[in-house]
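Please look over the sequence and the structure first.

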Amino acid sequence: EEAAREAGRTTTKSATDAADALGYMALAGWNTEDSLTGLMPILKLSEATQADLKTTSDLVTDSLTAMGIGVDELMESLTKTGGSAQMLGVSLDDAITATGILASSGIKAEEAGTSLNSILNRMGSNTTALKMFDKLGVSIFDDSGKFIGLKESLLAISDALDGASDEEKISAFLWIAETF
């Protein structure tokens, strides 16, 4: 109760909202300590993304359980990714999923956020990457110039490279990532 009241005083969310968030965490199987630790980051994430609290809490609790990382690591990652993700209109769900993929590869917290930020920057504005997309016949922007989404972009790249040799795939990824 004290944590919910404090959150209501220090965020744009009400104490009732904070109590609801704690309830969502309990439903996800979080213990009291984890819930109290995760409350403020989840409320702040909900504020930052302007997503409703239930959706934010569900995404965070489900993702953290699946990824085996802590709420602070996820928040560190999303903080580093936020600008690029927002610029491209990457959904919170896609950003968390990408963070989970990086976490399962051992890239976590701030390092994951910095990596995802770089990936999004390169995909969206790097001329070398855009030339490779054009060569592959992949468009990551729709007819109105809007980003089609992270998941959709990665699927389009994967489809375009289907049937390519390992050497061709590596070369394409190097051009996209501009790592040489």
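## Model and confidence

This is a predicted model, in which local features need pLDDT of at least 70, side-chain atom pairs count only at pLDDT 80 or more, and totals for chains, interfaces and linings use all residues. Residues are numbered from 1 along each chain as its sequence is written, and side-chain values use heavy atoms, with hydrogens and water left out.

The predictor's confidence in each residue is given as pLDDT, on a scale from 0 to 100. The chain averages 87, and 98% of its residues score at least 70.

## Overall form

The chain has ten helices and zero strands; these are DSSP runs numbered from the N terminus, with at least four residues (H or I) for a helix and at least two (E) for a strand. Its C-alpha trace spans about 60 × 35 × 25 Å along the principal axes. Of the contacts (heavy atoms within 4.5 Å) with a separation of 6 or more, 58% join residues 24 or more positions apart.

After helix 10 comes Glu 178, whose phi is positive, near 50°.

## Burial and core

Of the 180 residues, 38% count as buried. Buried means under 20% relative accessible area, exposed over 50%, and partly exposed in between, using a 1.4 Å probe and protein chains only.

The largest nonpolar core holds 45 residues. Such a core is a set of buried Ala, Val, Leu, Ile, Met, Phe, Trp, Tyr and Cys residues joined through side-chain atoms within 4.5 Å. Phe 133 is among the residues with the most contacts inside this core. Beyond its neighbours within four places in sequence, Phe 133 contacts Met 123, Val 138, Ile 140, Ile 157 and Ile 176.

## Selected residues

Residues up to four places away aside, Thr 81 touches Gly 113, Leu 116, Asn 117 and Leu 120.

Ala 109 belongs to helix 7 (residues 109–125). Its phi is near 55°, a positive value in a residue other than glycine, and Ala 109 is buried at 13% relative accessible area.

## Salt bridges

The structure holds four salt bridges, each defined as a side-chain nitrogen of Lys or Arg within 4 Å of a carboxyl oxygen of Asp or Glu. One of them joins Arg 5 to Glu 1, with the closest N and O atoms 2.7 Å apart. Arg 5 is partly exposed at 47% relative accessibility, while Glu 1 is exposed at 69%.

Lys 54 and Asp 58 form another, at 2.8 Å from N to O. Both residues lie in helix 4, four residues apart, about one turn of the helix. Lys 80 also pairs with Glu 110, their closest N and O atoms being 3.9 Å apart. Lys 80 is in helix 5 and Glu 110 in helix 7, so this pair ties together parts 30 residues apart in sequence.
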